[in-house]
Amino acid sequence: MPNLQAPRGTRDLLPSQTPAWTRLERLAADLAARYGYRRIETPLFEQAAVFERGVGAVTDIVEKELFRIAPRTEESESWALRPEPTAGIVRAYIQHGMQTLPQPVKLAMTGPMFRHDRPQAGRYRQFWQFDVEAIGDPGPAVDAEIIELGHRFFADAGLADVRIHLNSIGDAACRPAYIETLAAHYRPHAAELPAVERERLERAPLRLLDSKDPSMAPLNATAPRITDHLCGPCREHFDAVQAHLAALGVEFSLEPGLVRGLDYYTRTAFEYYLEGRQGQQQALGGGGRYDGLVELLGGKPTPGIGLGLGLDRILLALEAQGVPPAADPALTAVVVGADPAATADRLRVATILRSAGIPARAELGQRKLGKQLESAAKERAHFAVIVGDEFADGQVQVKDLEAGAQKLVAIADLARHIERAQASHRHGAPVER
Ligand code: AMP
């Protein structure tokens, strides 16, 4: 037999883990709805050009990490699994003429992303992001709204000590000159640079600031800062984003080295880190403004800003902080009985409960009644419904496994009885006997 395994860098989410996921997904959906961001879903794969153009050809994401789907024939288009959500969402915005809607169009999505990265703790080849995008608003107020939204997600999830790092990376007016100044800072040291960084110096100097190589730290520390080279409008925008955040009471620290890996960012760039856990693999989320992206993907010039939070890393951080995971939802009722042949009766009773909206499981095996009751208690079911001789008269025994009481109940009243007993239990009143 082959030893079949999940691909490296991917994980199965087992039923013991999914309640914590469901909790985060619900938080994300609630938060997006509260802020007026409407759900969108895009395909898990797109034409590779969406990412090559939208993310940028000279980025790790496209150069090294894109999961390309091998074409079946020579004529087939070239596809890739989505490494991030923004390019696909912007493609959809253009394709469906969303520029004719009232702007900005505020969108939210939670789903898996794929990067062919070297797997390690907190870095997977399939990982989940909660993403929001506001397309069609030049800011600066919406920048602050989105940064605050991300901040609130952490607060709602119960994660402490999350810090916001903020920067502006300028725009087409001021960035080219800054990049020249930056390249001039590194060029005299080109020969000593690690090969990867030397190549960056030639192709994407801004990304030198993003370097993970410790040998780059001294040169990076003395590098010219983009925030000292912003043009007037970018400076004004950046100051206004900070003023809005201050008005919202959201604290942040200015990080001139924060450039993020994607080519399409302009102006506002931000990331969320746990206090003291800075570094490329540690970001819990981040985002930025992408005023050139819609045009780059074939639409009319339209500003935009977005945010992506890494749910896998957030869950790891919650675990590390000892935030209790969400409890597995308990079954309300287990339908049991001594007669091994009466599975249809037990199933019918369970169906009656389920159609009344009560979570129920029927015992369909051949175990002794005592064992059935034992496992119902282990599952933390609130009630055992015992299908026995009384069934012929339209009745069943209902045992309250928490209160220990047992009562004969007409099947016609069963759902109502259970609902009432649960409600009085919740309100702390004595359980009806
Ligand atoms: P990025 O677009 O790279 O800034 O990603 C946004 C967020 O997604 C990051 O801050 C991480 O929390 C998360 N993330 C990115 N790549 C991975 C990965 N390979 N595995 C797990 N989480 C990731």
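Start by selecting the shell of residues around the ligand: by class, four are nonpolar, five are polar and four are charged. Keep in mind as you look around that this is a predicted model.

Which residues of that shell come closest to the ligand? Of the 13 residues that surround the ligand, the closest are Arg115, Tyr124, Arg260, Ala283 and Gly285.

Next, show strand S6 (126-135) and strand S11 (304-310). Each of these two strands supplies at least two residues of the shell.

Now zoom in on the oxygen atoms of the ligand. Select Arg115 and you will find a polar side-chain atom 2.8 Å from a ligand oxygen. Then turn to the backbone: a polar backbone atom of Gly285 is 3.0 Å from an oxygen atom of the ligand, and for Leu284 a polar backbone atom is 3.2 Å from one. The ligand taken alone exposes 480 Å², and the protein buries 90% of that.

Zoom out and colour the chain by domain. The assignment gives domain 1 (18-174 + 230-320) and domain 2 (333-424). Their C-alpha centres lie 49 Å apart.

For the last stop, find an open sheet of three antiparallel-paired strands in the order S2-S4-S3. Strand S2 (45-47) and strand S3 (68-69) are its edge strands, each pairing on one side only. Where S3 meets strand S4 (residues 79-81), two bridges join the antiparallel pair. Select Ile69 to finish, and look opposite for Trp79 in S4.

Technical notes:
Residues are numbered from 1 along each chain as its sequence is written. This is a predicted model: local features need pLDDT of at least 70, side-chain atom pairs count only at pLDDT 80 or more; totals for chains, interfaces and linings use all residues. Side-chain values use heavy atoms; hydrogens and water are left out. A residue is near a molecule or strand if one of its heavy atoms lies within 4 Å of it. A polar contact is a pair of N or O atoms within 3.5 Å; within protein, one must be able to donate a hydrogen and the other to accept it, and residues adjacent in sequence count only if both atoms are side-chain atoms. Accessible areas come from the Shrake-Rupley method with a 1.4 Å probe; for residues, only the protein chains shown count as cover. Helices (H or I, at least four residues) and strands (E, at least two) are DSSP runs, numbered from the N terminus. Ala, Val, Leu, Ile, Met, Phe, Trp, Tyr, Cys and Pro count as nonpolar, Asp, Glu, Lys and Arg as charged, and the others, Gly among them, as polar. Domain bounds come from an automatic or database domain assignment. Two strands pair if DSSP finds at least two bridges between them.
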